[in-house]
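Morning, everyone. Please have a look at the model on the screen, and then I'll walk you through it.

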Amino acid sequence: TWGVPCHLKEMAEAGDDDLVENTPGYVAPKKVGLETLKNLDKDDEALNRWKAALLAGAGSAASGDPRKVIVQKMTFVSAGREDISLDLTGDLGTLKAQTITIKEGCEFRLRITFKVQNEVVSGLKYAHAIYRKGIRVDKQSYMLGSYGPKAESQTAMTPLEEAPSGMLARGSYVVKSKFVDDDNETHLAWEWSFQIKKGWGGEE
């Protein structure tokens with residue numbers, strides 16, 4: 001469990017260069033423009049349905065902002081308590097001071113809210129490394145999929161995880177998160193923190 005570091009020396013020496021992992025069996029698609037994609041394999045009905053869903057609203061998502069992806073919010077989601085959201089559009093340096101309290105042993109997911117504009121972005125991934133007392137105790141990389149430009153915000157969820165429990169797991173952690181794509185372009189990198197307690201109210 002990532003609450004109890006087992007390979008302290010190796011993890012302490014590991015940097016964040018290996019944070020984003022390749023997805024087995026996944027091959028990044030050839031990069032094409034919106035117009036080219038619209039006209040691609042017009043006779044393929046299944047592909048046309050996929051393109052229609054991917055490109056729905058693309059015309060209204062054009063922007064003078066050159067960014068392809070604007071990451072807006074990260075939300076901690078766990079049954080039995082209100083969602084906890086961190087605003088990722090402001091001063092990211094303040095996030096570590098907004099420590100999230102997590103009940104030991106709870107199941108949770110992270111929901112990322114973002115906006116895609118100007119072009120299709122393939123192979124979006126959310127990745128993070130978790131540190132305790134400066135030592136990396138865990139890393140995860142999740143393939144979220146490909147997204148077309150839309151005027152409205154879109155969301156993606158990480159798989160269900162279980163927080164560690166027990167006396168050794170309780171304490172404070174720092175997380176370094178990244179939102180990247182197939183081109184290894186980092187759309188946003190941020191740091192946040194959480195503490196594992198016996199209960200949601202911060203019981204020791």
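Let me start with a term: two strands pair if DSSP finds at least two bridges between them. Helices (H or I, at least four residues) and strands (E, at least two) are DSSP runs, numbered from the N terminus. With that in hand, β4 and β8 pair in the antiparallel sense over two bridges. In that pairing, Phe108 stands opposite Glu161 in β8.

Two source notes. This is a predicted model, where local features need pLDDT of at least 70 and side-chain atom pairs count only at pLDDT 80 or more, while totals for chains, interfaces and linings use all residues. Residues are numbered from 1 along each chain as its sequence is written, and side-chain values use heavy atoms, with hydrogens and water left out.

Now the overall layout. The protein chain has three helices and 10 strands. Along the sequence, the pattern reads α-α-α-β-β-β-β-β-β-β-β-β-β. Contact means heavy atoms within 4.5 Å. Take the contacts in the chain with a separation of 6 or more: residues 24 or more positions apart account for 73% of them.

Next, burial. Buried means under 20% relative accessible area, exposed over 50%, and partly exposed in between (1.4 Å probe, protein chains only). Buried residues make up 39% of the 204 residues in the protein chain. Accessible areas come from the Shrake-Rupley method with a 1.4 Å probe; for residues, only the protein chains shown count as cover. The chain exposes about 10,900 Å², and carbon and sulfur atoms supply 50% of that.

Back to strand β4. Which way do β1 and β4 run? They run antiparallel, joined by eight bridges. Ile70 stands opposite Lys115 in β4. Strand β7 (residues 154–157) is also joined to β4, by four bridges, and these two run antiparallel. There, Arg111 stands opposite Met157 in β7.

On to the core. In soluble globular proteins, nonpolar side chains tend to be buried together. A nonpolar core is a set of buried Ala, Val, Leu, Ile, Met, Phe, Trp, Tyr and Cys residues joined through side-chain atoms within 4.5 Å. The largest one here has 35 residues. Which of them touch the most other members? Met74, Phe114, Tyr126, Phe179, Trp190, Trp192 and Phe194 do. The elements giving two or more residues to this core include β1 (69–77), β4 (107–116), β9 (171–180) and β10 (186–197).

Now salt bridges. A salt bridge is a side-chain nitrogen of Lys or Arg within 4 Å of a carboxyl oxygen of Asp or Glu. How many does the structure hold? Six.

Here is one of them. Glu185 forms a salt bridge with Lys68, and the closest N and O atoms are 3.0 Å apart. Glu185 lies in the loop between β9 and β10, and Lys68 in the loop between α3 (45–55) and β1, so this pair ties together parts that are 117 residues apart in sequence. Lys68 is buried, at 10% relative accessible area. Glu185 is partly exposed, at 34%.

Another one: Asp83 with Arg111, closest N and O atoms 3.4 Å apart. Asp83 sits in the loop between β1 and β2 and Arg111 in strand β4, so the pair ties together parts 28 residues apart in sequence. Asp83 is partly exposed, at 40%. Arg111 is partly exposed as well, at 23%.

And Arg170 bridges to Glu104, with closest N and O atoms 2.9 Å apart. This pair links distant parts of the chain: Arg170 is in the loop between β8 (161–162) and β9, Glu104 in the loop between β3 and β4, 66 residues apart. Is Glu104 buried or exposed? Buried, with a relative accessible area of 19%. Arg170 is partly exposed, at 21%. One more point: salt bridges that share partners join Lys68, Asp181 and Glu185 into one network.

Last, two polar residues. A polar contact is a pair of N or O atoms within 3.5 Å; within protein, one must be able to donate a hydrogen and the other to accept it, and residues adjacent in sequence count only if both atoms are side-chain atoms. Ser78 is found in the loop between β1 and β2. Ser78 counts as buried because its relative accessibility is 4%. A polar atom of the Ser78 side chain lies 2.7 Å from the backbone oxygen of Glu107. Thr101 lies in strand β3 and is buried, at 16% relative accessible area. The side chains of Thr101 and Gln195 are joined by a polar contact of 2.9 Å.
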